[in-house]
Amino acid sequence: MSVMSDKMRTYRSHPMSLVFNILTKIAVTLTIGIFVLIVGYVIIKGVPYLKPSLFSANYTSDNCSMLPAIANTFIMLLAALVIAAPLGIFCAVYLVEYAKKGNRFVRLIRLTTETLSGIPSIVYGLFGNMFFVLALNWKLSMLSGACTLAIMVLPLIIRSTEEALKSVDDSFREGSYGLGAGKLRTIFVIVLPPAISGILSGVILAMGRIFGETAALIYTAGTVAKYAGLSDSGRTLAIHMYSLSNEGLHMNEASATAVVLLVVVLLLNGLASLAAKKLSKGGN
Amino acid sequence: MTQPKLQVKNCDLFYGDFQALKNIDLEIQEKEITAFIGPSGCGKSTLLKSLNRMNDLVEGCKITGEFTLDGVNIYKDMEITELRKRVGMVFQKPNLFPMSIYDNIAYGPRTHGIKKKAELDEIVETTLKQACVWDETKDRLKKSALGMSGGQQQRICIARALAVKPEVLLMDEPTSALDPISTIKIEELASELKKNYTIVIVTHNMQQATRISDKTAFFLHGEIVEFDDTHTIFSNPKEHKTLEYITGRFG
């Protein structure tokens, strides 16, 4: 009781403090509420329609199987990451370990990556369509899609790798150079191992974006609902869901697909936070 | 007079526009401990780092003058890896790598091409013994080095530096982050190592300089005010500034 009255007294002399307290609580309630609402809506609408036929080996307009789309999604993930991860990681290594600070070129790269990360994905889609699909004549294909997605997640991977590398204490680098080690050995043996979990969590975030992407893929990878090789057009799970709801004939199947999409994205985010936890452990 | 182990002639050093060292001349004799003393920001650590070119890592750092090791110019006529192998360094804070004690010690020798396990085992044992930390570490060589106490870590750092068989050991305030007992251990260790190594130590602690060093250089505002036998510096300094500093009137 006395605690309560203490609080009330404080609020009486500082009314703004009460207002702010209430505002923050409203914000928290709204945020959690919206999240619960979306997840709840997807689950209630989707789970009843999660039938075994949705996972049939092949897609027909009757069963609306999402299995080909799931397979395509993982091919897309793999292909985009094989391109984007090494490129992004080496770019970050250059920025942190090799480039001189305040170098004009570095500032240009940083400006570019920041700008690129703010561009809507449809713009990447249109670029991919003009460049990979038309100019390089790769047609609507998984490869065109993967390249477009790789460009899209590149800034994300560069940024997170940069942060991970910067968080490695300079005293480790000094210690290594002080023993007569060169740059290459210092980077690979001393700097990269403690940074690896930070880099990994960036890659996993990139996976999440690739997984959920539609706009950039419609114009580059297309919407064919078959198992696709790199040179074929194929739909990922997100595109599958988009197509189903766009056609308007299979809303229930679209909802079921949404459940699967949600589960996988939640799993990926879980992995990301696990990797981040490992990073903070490594810092001790 | 014998050739000095390390010699600095006419050295100026700039960080950008700031002149950190002014016209430094210094001779460091073999198998002696030379101490650098002076208030913070006087350039003593900067000069120490120039002796194995760690200042190369600092952007905007310009050095002029001549630095020689056994008469060879270390900025012109020597590979930087060769220099840092011969002139080892122990830093202010223990900076063991996040790996096992064994791998920490073996990192240097592996860098310089020693791969045989028997040889590495031998190096790990001898250097840890030299650094008086073998008894505390022999049962946990494969465990993370970061689990040791600060004082133990610093002695392992010294062992790591010794593992590449240097001739000179640079120590940059090696005890400033340690408790008094660890400090005494490091000081005893330095006096012991003097038999085989040339040691240059930067210290804020004037008692430490009197306890372990043979020669002392007093730095102020990027210049060496006085350089002489430690005994002379602390009992009968020639410069008024030195007297003021060692009697605690500033700094």
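User: Which residues of the largest nonpolar core touch the most other members?

Analyst: A nonpolar core is a set of buried Ala, Val, Leu, Ile, Met, Phe, Trp, Tyr and Cys residues joined through side-chain atoms within 4.5 Å. Buried means under 20% relative accessible area, exposed over 50%, and partly exposed in between, with a 1.4 Å probe and protein chains only. Here the largest core has 66 residues, and A:Met76, A:Leu149, A:Leu165, A:Ile210 and A:Leu237 touch the most other members. H3(A) gives the most to this core, 13 residues. Apart from this core lies another, of 43 residues, which includes B:Ile105, B:Met148, B:Leu162 and B:Phe218. In soluble globular proteins, nonpolar side chains tend to be buried together.

User: What should I know about the model before going on?

Analyst: It is a predicted model, in which local features need pLDDT of at least 70, side-chain atom pairs count only at pLDDT 80 or more, and totals for chains, interfaces and linings use all residues. Residues are numbered from 1 along each chain as its sequence is written, chains are lettered from A and ligands numbered from 1 in the order in which they are written, and side-chain values use heavy atoms, with hydrogens and water left out. The pLDDT is the predictor's confidence in each residue, from 0 to 100. Chain B averages 93, and 99% of the residues score at least 70. The model has an ipTM of 0.91 and a pTM of 0.83.

User: What is A:Leu165 in contact with, leaving aside neighbours within four places in sequence?

Analyst: Contact means heavy atoms within 4.5 Å. On that basis A:Leu165 meets A:Ala92, A:Val93, A:Val96, A:Glu97, A:Arg173, A:Val191, A:Leu192 and A:Ala195.

User: Is A:Thr186 buried or exposed?

Analyst: A:Thr186 has a relative accessible area of 0%, so it is buried. A:Thr186 lies in helix H8 of chain A; helices (H or I, at least four residues) and strands (E, at least two) are DSSP runs, numbered from the N terminus. The side chain of A:Thr186 reaches the backbone oxygen of A:Gly182 at 2.6 Å. Not counting residues up to four places away in sequence, A:Thr186 touches A:Arg173, A:Ser176, A:Tyr177, A:Ala181, A:Val191 and B:Tyr107.

User: Which residues of helix H7 of chain A are buried?

Analyst: In H7 (residues 170-178), they are A:Phe172, A:Arg173, A:Gly175, A:Ser176, A:Tyr177 and A:Gly178. After H7(A) comes A:Gly180, with a positive phi near 90°.

User: How do I read a pocket and a cavity?

Analyst: On a 1 Å grid over the protein atoms alone, a cavity is a set of points where a 1.4 Å probe fits but cannot get out, and a pocket is an open set with protein on both sides within 12 Å along at least five of seven lines; lining residues have an atom within 4 Å of a point. Grid points are joined across faces, edges and corners, and a volume is the space filled by probe spheres set on the points. The largest pocket holds about 960 Å³ of space. Of the 37 residues lining that pocket, A:Glu97, A:Lys101, A:Lys183, B:Leu57 and B:Glu59 are the closest to its centre.

User: What lines the largest cavity?

Analyst: The largest cavity holds about 60 Å³ of space. Its lining includes A:Gly175, A:Gly178, A:Leu179, B:Gly88 and B:Phe91. H7 of chain A, strand E6 (87-90) of chain B and helix H6 (150-162) of chain B each give two or more residues to that lining.

Methods
Polar contact = N/O pair within 3.5 Å; in protein donor to acceptor, adjacent residues only side chain to side chain.
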